[in-house]
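Reader: I'm new to this one. Could you walk me through how some of its helices sit against each other?

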Amino acid sequence: MGKFKLDKRSLKYGSNSIILIAVVIAIAVIINLLVGMGDIKWDLTKDKLYSLSDESKTIIKDIKKDVTIYGLFDDGEIGSGDAYKDLINLLGQYEKLGIKVSYIDPDKDPGTIASFDKDKTKDIAKGDFIVKSGNKVKKLSAQDLYGQSSEYGRMFSAEPLITGAIKFVTSDVTPIAYFVQGHDENSVDSDLTQVRTALENNNMEVKQLSLVTEENIPEDCKLLVFASPKKDLTDAEMIKVNAYLKKNGRVVFLFDPVESGNKFPNFEEVLQAYNVGINYDKVKELDQNMHLPGDEYSLVAKLESNDINSSYSSKDQYLFLPDSRSLSILKNDKEWLKTYSLAKTTDKAQAASILNQGETQSGPFDLAIASEIQGGSKVLVFGNGVFLTDRALSSQYSTYFATGANYFVYTIVNWMQDKADQTTISSKLVSTKTLTTNESQVKVISVVLMGVLPVLIMGCGFVVWSRRRHL
């Protein structure tokens, strides 16, 4: 009788388990069917890597023109694999916002490529995407859209490239930014390609310029950029820059510390008219909360509160600016000239002179300054050019550098171009997450994993076995 009772009780508990498993399976099947029928998707990534950003949605909603994205593929088949699926999903989100998406087989319609590239300068090929509105066309190569990967993370480029192309083809005017060459500056073709793409995504055309070969700065120049010059302007070049500024020109200066100690008197003279001075030093931050562990020169600067920064909506109000030189706001104030401190160190920072070895100054120091003549020209000066380079934006600290690059592009697109809160778009980066531990932490983790955890598992197993044997 006792044995029958035990079997009955075991059967009871076993039946309950079977019923519970069946219910869970049934619920899972029903949920999958509902999701499939309703085309429901959730983007659970931290940075919403597979969803259109609010910036893209804002830009597209403000567009009043018809836009079509054409994919040039055999039989309209875009391909297979995760990268293709992500792209198809992204294009579907653009369609929901009113952007048309169409696929054309260029082999079956040979006139298509010719119609998109009438001047035969775009080098359009099968597998490319074409964004078109009216008579304006922008080519996007499939390789660029699928993103670039490095050992530190993958840059998701599709959204900023597509949204940038939409901005380009729907804009009536595309301003030109000229990056000056001839003073050993960083090149937009090899050192600053990511910043170049970011500016192009925000409807700016980027070109290089030699002040030696050009008699004057081109009339279509809306922005002039000196990216980490290692040599000073010549007297003739300085005359050209000053003439450009007198015509309400806009100039960006990015100055790295010059280890050789070479001075830039002509650059200084240009900036002196805008109440800005450049110092020949290298800044280190002694506040442990404002630099990388073990590297006082890899410092973090806080954005200052002013009219320019107040419209910058990023939650991150700090710039990662390693290897910086300090700048100064001069004391020759004028009513028609307004100067802003954009980013500063803490008062614990120190600057070591490059010209006079052993001489140091105490902070705080300005690392970014903006100045404008009311109703006229503007200059933007950084005591750092490293933070915009491809090397920095592809390093293990790429997410930190990206914040600075986004701020730079925002300031260029808005304040430098007299735009009021124009929405800017930037790339999404997923970085590789690493866990750094010291020797003592390794020992603690080892004890927990090889000692405490196995004992807990065995204890739980013993409790369960003890209870079940009395059923």
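Reader: At what angle do the axes of α2 and α6 cross?

Author: Helix α2 covers residues 54–61 and helix α6 covers residues 158–170. Helices here are DSSP runs of H or I, at least four residues, numbered from the N terminus, and axes are lines fitted to C-alpha atoms over the stretch in contact, with angles from 0 to 180 degrees between N-to-C directions. These two axes come within 10 Å and cross at roughly 20°. Angles under 35 degrees count as roughly parallel, so α2 and α6 are roughly parallel.

Reader: Quick check, what kind of model is this, and which residues of α6 does α2 meet?

Author: It's a predicted model, where local features need pLDDT of at least 70, side-chain atom pairs count only at pLDDT 80 or more, and totals for chains, interfaces and linings use all residues. Residues are numbered from 1 along each chain as its sequence is written, and side-chain values use heavy atoms, leaving out hydrogens and water. With contact meaning heavy atoms within 4.5 Å, Ser56, Ile59 and Ile60 of α2 meet Glu159, Thr163, Ile166 and Lys167 of α6.

Reader: How are α8 and α9 oriented to each other?

Author: Helix α8 spans residues 235–246 and helix α9 spans residues 265–272. Their axes come within 10 Å and cross at roughly 15°. That's why α8 and α9 count as roughly parallel.

Reader: And how much of the chain is buried?

Author: Buried means under 20% relative accessible area, with a 1.4 Å probe and protein chains only. The chain has 471 residues, and the buried share is 44%.

Terms used: Parallel < 35°, antiparallel > 145°, perpendicular 65-115°, else oblique. Buried < 20%, exposed > 50% of the residue type's maximum accessible area, 1.4 Å probe, protein only.
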